[in-house]
Amino acid sequence: MRTQVAIIGSGPSGLLLGQILSGAGIANVVVDRTRRDHILARVRAGVLEQGTVRVLDQAGLGARLHNEGLIHDGFSLAFDERDHRIDLAGLTGGKHVTVYGQTEITRDLLDARETDGMLSLYDVEDVVPHDFDGERPYVTLIHDGKPLRIDCDFIAGCDGFHGASRRAVPPSAMTCYERIYPFGWLGLLAEVPPVSHELIYANHARGFALCSMRSLSRSRYYVQVPAGEKVEAWSDQRFWDELRARLPRHHAEKVTTGPSFEKSIAPLRSFVAEPMRFGRLFLVGDAAHIVPPTGAKGLNLAVGDVHYLSEGLCEHYREGSEAGLEAYSARALSRVWKAVRFSWWMTTLLHRFPEAGAFETKIQLAELDYLTHSRAAASMLAENYVGLSY
Ligand code: FAD
Ligand code: DHB
């Protein structure tokens with residue numbers, strides 16, 4: 001089989017890249033080791049920057065997003081039995097974020113790809129990118145029990161943190177930076193109205209908690225749990241009790257509980273692989289970098305990478321120019337490191353670290369108090385939260 005761009009991974013990075021390239025008349029094939037129904041069952045991101053919404057709009061994916069997405073122009077920081085609103089719009093000259101689940105974006109992308117008749121192969125095994133340092137790269141895999149080779153001009157490694165693309169790069173060609181946090185997020189999804197119409201990020205002596213949502217009738221909540229915790233140890237009742245214990249009383253009293261229909265634990269890490277281009281192989285999204293979820297940057301970064309790479313590929317095929325492809329890694333990494341810093345900072349500000357003593361806790365509270373009194377400090381938070389421009 002031959003195509004122009006072979007895309008490994010059918011998460012938001014791979015599907016969005018495929019969508020933009022198809023729109024520009026560039027042939028592509030998406031391959032994924034997971035089944036399509038499993039891809040659609042994953043519950044992950046919920047908060048989109050305006051830049052992300054713009055890229056999705058330009059790719060023709062705005063209809064349901066604008067209909068069902070919730071515009072949020074503020075969120076709360078809760079600590080010390082109080083609550084402070086970060087006025088995103090007021091602090092950033094009118095910017096906001098949109099609450100629209102990654103599951104919905106993935107569904108929109110899969111539907112669009114199928115409507116356009118673009119080829120995707122699911123449930124494949126042993127995906128390996130080859131010869132990307134030369135002129136004729138190709139990808140091998142097993143599909144329906146049979147070996148398949150996809151010859152292409154470029155390979156986009158959109159296969160997440162545990163994918164095959166980054167692993168195919170010789171370690172000597174790459175530098176990795178990593179921080180692993182000693183805790184994870186236990187997330188729960190339930191068909192109950194959210195406790196508040198805006199998100200609440202809570203710093204509490206028992207650990208961090210986040211109140212988010214997917215719609216006005218569907219809530220997404222998270223609590224910090226120790227690394228290595230098992231989801232089986234958390235009945236719904238234990239989760240609801242722990243969530244309420246970590247919120248200021250006036251919020252805790254208003255939490256509507258109900259049976260969960262998804263519960264899972266995500267470990268927290270910061271990770272960056274540099275560079276993001278190796279000859280004709282490009283790493284995109286979580287394949288190249290991971291941020292802890294605090295601040296909601298992972299999916300937004302993936303969309304930023306796709307924006308830069310699709311520009312480079314379109315320039316290559318349209319004008320024969322290599323400038324965009326050559327600039328890809330540096331442009332993406334400059335944005336990535338700012339989000340890595342912001343996510344690390346927000347994680348450090350809001351979570352309980354096992355090794356932290358009374359001093360570190362006092363420093364967290366002083367910084368939270370500073371954010372409530374200093375417009376400059378709150379503006380830094382708001383500017384990063386709504387997303388730096390690109
Ligand atoms: P992925 O979504 O990981 O997709 C990779 C795809 O590659 C998968 O379909 C996988 O099956 C496939 N694959 C893997 N290995 C192989 C292989 N060897 N061969 C073939 N295919 C392979 N981000 C935000 O911006 N906002 C948020 O609010 C937010 N909240 C989050 C909350 C949680 C609990 C978590 C866990 C993450 C959150 N994120 C958030 C991060 C966001 O979900 C990720 O950054 C995003 O999924 C990255 O997309 P991706 O396409 O690069 O990778
Ligand atoms: C969600 C996830 C985040 O990481 C965040 O900062 C806000 C919301 C969510 O899944 O809804």
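**Entry 1: ligand 1.** I kept in mind from the start that this is a predicted model. I asked which residues come nearest to ligand 1. Of the 30 residues around ligand 1, I noted Ser 13, Asp 32, Thr 34, Gln 102 and Leu 299 as the nearest. Next I looked at its oxygen atoms. One oxygen of ligand 1 sits 2.6 Å from an N or O atom in the side chain of Ser 13. For Asp 286, I found a polar side-chain atom 2.7 Å from an oxygen atom of the ligand. Ala 296 takes part through its backbone, with a polar atom there 3.1 Å from an oxygen of ligand 1. I then checked the cover: on its own ligand 1 has 1000 Å² of accessible area, and the protein covers 90% of it. Two elements give two or more residues to the shell around ligand 1, helix H1 (12-23) and helix H9 (298-319). The largest share, 3 residues, comes from H9. By class I wrote down 11 nonpolar, 12 polar and 7 charged residues for this shell.

**Entry 2: ligand 2.** Two of my distances involve side chains. An N or O atom in the side chain of Ser 212 is 2.6 Å from an oxygen atom of ligand 2, and for the side chain of Tyr 222 I also noted 2.6 Å to a ligand oxygen. Gly 295 uses a backbone N or O atom, 3.3 Å from an oxygen of ligand 2.

**Entry 3: helix H3.** I wanted to know which residues of H3 (residues 50-58) are buried. They are Gly 51, Thr 52, Val 53, Val 55 and Leu 56. What covers them includes H1, strand E3 (47-48), helix H4 (63-68), strand E7 (97-99), helix H6 (102-115) and H9. After the helix comes Gly 60, with a positive phi near 80°.

Entry 4: I went back to Ala 296, which lies in the loop between strand E20 (289-290) and H9. Ala 296 is not a glycine, yet its phi is positive, about 60°. Asp 126, in strand E9 (residues 125-130), is another non-glycine with a positive phi, about 50°. Buried or exposed, I asked of Asp 126? Asp 126 counts as exposed because its relative accessibility is 59%, and the cut-off is over 50%. I also found a cis peptide bond between Glu 274 and Pro 275, with omega about -10°. Pro 275 is in the loop between strand E17 (260-274) and strand E18 (277-278).

**Entry 5: Pro 147.** My last stop was Pro 147, in strand E11 (residues 146-151). With a relative accessible area of 68%, Pro 147 is exposed. Beyond its neighbours within four places in sequence, Pro 147 is in contact with Leu 141 and Ile 142. I also took the C-alpha separation to Leu 121, 26 residues away along the chain, and got 13 Å.

Conventions:
Residues are numbered from 1 along each chain as its sequence is written. Chains are lettered from A and ligands numbered from 1 in the order in which they are written. This is a predicted model: local features need pLDDT of at least 70, side-chain atom pairs count only at pLDDT 80 or more; totals for chains, interfaces and linings use all residues. Side-chain values use heavy atoms; hydrogens and water are left out. Helices (H or I, at least four residues) and strands (E, at least two) are DSSP runs, numbered from the N terminus. Buried means under 20% relative accessible area, exposed over 50%, partly exposed in between (1.4 Å probe, protein chains only). Contact means heavy atoms within 4.5 Å. A residue is near a molecule or strand if one of its heavy atoms lies within 4 Å of it. A polar contact is a pair of N or O atoms within 3.5 Å; within protein, one must be able to donate a hydrogen and the other to accept it, and residues adjacent in sequence count only if both atoms are side-chain atoms. Accessible areas come from the Shrake-Rupley method with a 1.4 Å probe; for residues, only the protein chains shown count as cover. Ala, Val, Leu, Ile, Met, Phe, Trp, Tyr, Cys and Pro count as nonpolar, Asp, Glu, Lys and Arg as charged, and the others, Gly among them, as polar.
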